[in-house]
Amino acid sequence: MSNNYDVIIIGAGPAGYVAAIRCAQLGMKTVCVDNWFGKNGQPALGGTCLNAGCIPSKALLESSHWYEKLQQDAPALGIAANGITLDMAVMINSKDAIVSDLTQGIATLFTTNGVEWLQGRGQLLSDRQVQVSLHDGKQQTITAGHVILAPGSAPVQLAIAPLDNDRIVDSAAALDWTEVPGRLGIIGAGVIGLELGSVWRRLGAEVTLLEAQDVFLSMADQQIAKSALKSFRKQGLDIHLGACVKSAAVMDDGVHITYENTDAEKSLTVDRLIVAVGRQPCTEGLATAEAELVLDEHGYIHVDEACCTSAPGVYAVGDAVRGPMLAHKGSEEGIAVAERIAGHHSEVNYELIASVVYTHPEIAWVGRTEEMLKQAGVDYRTGLFPFAASGRARAMQETDGMVKILSDAVTDRVLGVHIHGASASELIAQAVTAMEFDASSEDIARTIFAHPTLSEALHEAALAIDNRAIHIARSRRR
Ligand code: NAD
């Protein structure tokens, strides 16, 4: 085994493993160093997303959704669903099997593409050398023409709520409980708090979310965020805004939490507590001083718009660099860097990275929110269409939410699309595609959508911009 490569990649999450495969496709001799251990104690590719994030949470969101639907909605459809029971061990095993299949799938992709996988911890030295502390205790120094750093991120921990990995846990541990907690507290009503809160509420927990900000989902369009908050509260998620947690301690009868609200200090006792207050880049010990890798004050690797770091020939992608901590953003950066190393021209359009919250209904958006447009002084027009007016949504009993399109008042170019509704995560791809092609709302309005589909709500929202949506009563049109 030679120690010289065209490209060394540190990290095999969605940013790193995708970069590795693309480098190999482009004919480069590629090695990917990763130190993740799966639940079975074996090295596993895929990083947080596959092992302890996106995929396992979606598996549990799906299973818990079925459980709730069968109990709540089936009877009204004439389906007798009596005696439904929950076997958490089976549900968790099924989730683990999905994760294991997918991580093994990446190992197969590495093999078939000729990517070498070094199982251990990589540290960047000077001159594009990487020291690898292998899991078997050996050390190996490898070198390459280019290095891509993709070390990912880890949950932020709070000193006021120290994890004990039993009663007080982070987002990864909350994917493995084999018993449903009676009372579940969550610090943070962000993306992770809402997704995990939804899973455990559907399975029977009484869920309280404590969110420090006064504004719910501040990064989302606020009309959409308000619509979502209403749905979540109707479902039974007890969401407290402006509630800053001050302490959390494990006692005999549960976890005692104190938090400050606008007027007073309050307390809450729960059986289990999830800390979901954001993620931070995993850059500690990633490089020696000789590597001359510049980090910012929060530990993010400093990069330019082409993902070049301060160290010559060294790039960084994914959660450990600026921009949203999203798997698809990291993957696109990984692909773009691989292509640039191979001498191709490649760019990431940071303006059009969709965000999704996988609750039910889902929340998804791309482009600018109404608040952003107002702040920037852009003159815009709005088209809204509620799912309650969609035939398909009614047939599916999925009438919550709406599609909202914002377009430039002068050019009609679509500036933002915001969806709260069933399958929003899938619907938003149509908006991203349209916006990639610089579509106007008129382009979408003149496109023929299949009937009956949820997608028609996007069509109608585009028509609504010009006050000509078909399925909105005349009196309700602007
Ligand atoms: P987040 O930033 O979305 O939400 C954390 C929330 O915790 C914030 O709203 C913050 O105000 C609140 N908070 C912080 N300290 C608090 C305190 N002491 N008391 C009460 N509230 C407090 O972070 P997250 O939900 O942990 O997610 C982490 C990252 O992972 C995000 O960047 C997210 O985009 C990404 N992620 C994405 C998805 C997805 O795409 N569906 C899923 C999971 C995670």
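In the model, a polar backbone atom of glycine 278 is found 2.8 Å from an oxygen atom of the ligand. The structure is a predicted model, in which local features need pLDDT of at least 70 and side-chain atom pairs count only at pLDDT 80 or more, whereas totals for chains, interfaces and linings use all residues. Residues are numbered from 1 along each chain as its sequence is written, and side-chain values use heavy atoms, with hydrogens and water left out.

A polar side-chain atom of glutamate 211 is placed 2.6 Å from an oxygen atom of the ligand, and a nitrogen atom of the ligand lies 3.0 Å from a backbone N or O atom of alanine 212. A polar contact is here a pair of N or O atoms within 3.5 Å; within protein, one atom must be able to donate a hydrogen and the other to accept it, and residues adjacent in sequence count only if both atoms are side-chain atoms. The ligand taken alone exposes 850 Å², of which the protein buries 77%; accessible areas come from the Shrake-Rupley method with a 1.4 Å probe, and for residues only the protein chains shown count as cover.

Helices (H or I, at least four residues) and strands (E, at least two) are DSSP runs numbered from the N terminus.

Helix α1 (residues 16-25) is mostly covered, nine of its 10 residues being buried, that is, under 20% relative accessible area; exposed means over 50% and partly exposed in between (1.4 Å probe, protein chains only). The buried residues of α1 are Gly16, Tyr17, Val18, Ala19, Ala20, Ile21, Arg22, Cys23 and Ala24. Elements that cover them include β1 (4-10), β2 (30-34), α2 (47-52), α4 (88-113), β5 (139-149) and α7 (327-341). Glycine 27, which follows α1, has a positive phi near 90°.

Alanine 154 belongs to strand β6 (residues 153-155) and is partly exposed, with a relative accessible area of 25%. With residues up to four places away in sequence not counted, alanine 154 touches Arg279, Gln280 and Cys282 (contact: heavy atoms within 4.5 Å).

The structure holds two aromatic pairs. In one, the rings of tryptophan 177 and tryptophan 200 have centres 5.2 Å apart and planes at 50°, so the pair is tilted. Tryptophan 177 lies in the loop between β7 (168-169) and β8 (183-187) and tryptophan 200 in helix α5, so this pair ties together parts that are 23 residues apart in sequence. Tryptophan 177 and tryptophan 200 are both buried. Phenylalanine 216 and phenylalanine 232 form an edge-to-face pair, with 6.1 Å from centre to centre and 75° between the planes. Because phenylalanine 216 lies in the loop between β9 (206-210) and α6 (222-235) and phenylalanine 232 in helix α6, the pair ties together parts that are 16 residues apart in sequence. Phenylalanine 216 is buried at a relative accessible area of 4%, and phenylalanine 232 is buried at 0%. Rings of Phe, Tyr and Trp (its six-membered ring) pair if their centres lie within 6.5 Å; planes under 30 degrees apart count as stacked, over 60 as edge-to-face and the rest as tilted.

Backbone geometry was also examined. The peptide bond joining histidine 360 and proline 361 is cis, with omega about -5°, and proline 361 lies in the loop between β17 (355-357) and β18 (362-367). A cis peptide bond also leads from histidine 451 to proline 452, with omega near -5°; proline 452 is in the loop between α11 (441-445) and α12 (456-465). Aspartate 438, although not a glycine, has a positive phi of about 55°. Aspartate 438 is located in the loop between α10 (424-436) and α11 and counts as partly exposed at 47% relative accessibility. Asparagine 467 likewise has a positive phi, near 60°; this residue is found in the segment after α12 and is partly exposed, with a relative accessible area of 30%.
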